[in-house]
Amino acid sequence: MSARGLLVVALGGNAIQEPDGEDSVSSDFARTAATADRLARLAADGWRLVITHGNGPQVGNHLLRSELAHVHGDLPLLPLEVCVADTQGGMGYMLQQCLSNSLHRLDLPAVVATIVTQILVDQDDPGFAAPTKPVGEVIPAERAEVLREQGWELVEDRRRNGFRRVVASPHPLEIVEAAAIKTMVDEGMLVVAAGGGGIPVVAGPDGDIKGVAAVVDKDLASALLAVDLQADGLLVLTNVDAVALNYDTPSERPIASMTVAEALRYLDEGHFAPGSMGPKVEAVARFVEVTGRPGIVTSLDSAAPALEGGAGTRILP
């Protein structure tokens, strides 16, 4: 096994939960096990891995369970940032167990560890005033007005014929546990970190930090982590094989590669949707701009060929 370098791999929440499948723990484990098998093959191919993951479906469900328990069981509401922390732990548990099993079957002994990660954000970030981050499942149109009356912010998801709840998504500024993650990586561990974009925290005048109600975009947090770790590459995995211009229109055109300047221009022109492909392209462009190293956006199935230049969208300096 030849050493290829350190790769930060950003998984979408759908790598752990089937988008339209059964919503159960056993189903999530089956989905995560299949994801882990593909990641283990990257490790077998010589890559050192740091895994991040989204939590959009999961944190929305967690938040909903808390609200139902509050209304029907008189239990205290869980703050959104605590829901993020809870999903980090639960999803990290599934990932580290499934990854350990996959690596064991390939006779690649490794220590896999999850670190609950906090992300510093600016308390005056404009993202708090304009929620854009979708969480939870698709909501049928007939329920939308009722939920709006309960204070939910909703946006229409035309592709999936419904609505999604949206929450604040401030930009990540600093990874609180960056030094701890680097130490674990340097010791040869396969680390799961910054789950769900990390737990958003703000710093007070005295330097103390406290959580805030938001969900940080996991791709932007992954780019920040990849820069901190001086990773050799950033691999953002989503549900399409490549980034496309004019997505979901008759003139859709996949992009095999683009420069940072081209990526930023396409973002400004509105080709990549906020809360969806937009942050993925922005995250990879940021990483490439700072490090001069390549970043890739592709699907989980195409990850291995994309790293060899045979699939996906590669962003270059």
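## Contacts and overall fold

A contact here means heavy atoms within 4.5 Å. With that in hand, let's look at this chain, which is a predicted model. Take the contacts between residues at least 6 apart in sequence: 73% of them join residues at least 24 apart. As for secondary structure, the chain comes to nine helices and 17 strands.

## Size and packing

How does the radius of gyration sit against that of a compact globule? A compact globule of 317 residues would come in near 20 Å, and the chain has 19 Å, so the two agree. Along its principal axes, the C-alpha trace spans about 55 × 45 × 45 Å. Of the 317 residues, 50% count as buried.

## Surface and charge

The chain exposes about 14,700 Å², and carbon and sulfur atoms supply 51% of that area. On the charge side, there are 24 positive and 42 negative side chains. The centres of those two sets lie 5 Å apart.

## A look at Q88

Now for one residue up close. Q88 is found in helix α3, which covers residues 80-105. Is Q88 buried or exposed? Its relative accessibility is 2%, and since buried means under 20%, Q88 counts as buried.

What does Q88 touch? Leaving out residues up to four places away in sequence, its partners are H53, T114, I115, V116, T117, A194, G195, G198 and I199. With T117 there is also a polar detail to check in the structure: a polar atom of the Q88 side chain lies 2.9 Å from the backbone nitrogen of T117.

Key: Residues numbered from 1 in each chain as written. Predicted model: local features only at pLDDT ≥ 70, side-chain atom pairs only at ≥ 80, totals over all residues. Heavy atoms only, no water. Helix = DSSP H or I, 4+ residues; strand = E, 2+ residues; numbered from the N terminus. Buried < 20%, exposed > 50% of the residue type's maximum accessible area, 1.4 Å probe, protein only. Polar contact = N/O pair within 3.5 Å; in protein donor to acceptor, adjacent residues only side chain to side chain. Rg over C-alpha atoms; globule rule 2.2 N^0.38 Å. Areas by Shrake-Rupley, 256 points an atom, 1.4 Å probe, with all protein chains shown as cover. Lys, Arg positive; Asp, Glu negative; His and termini not counted. Charge placed at Lys NZ, Arg CZ, Asp CG, Glu CD.
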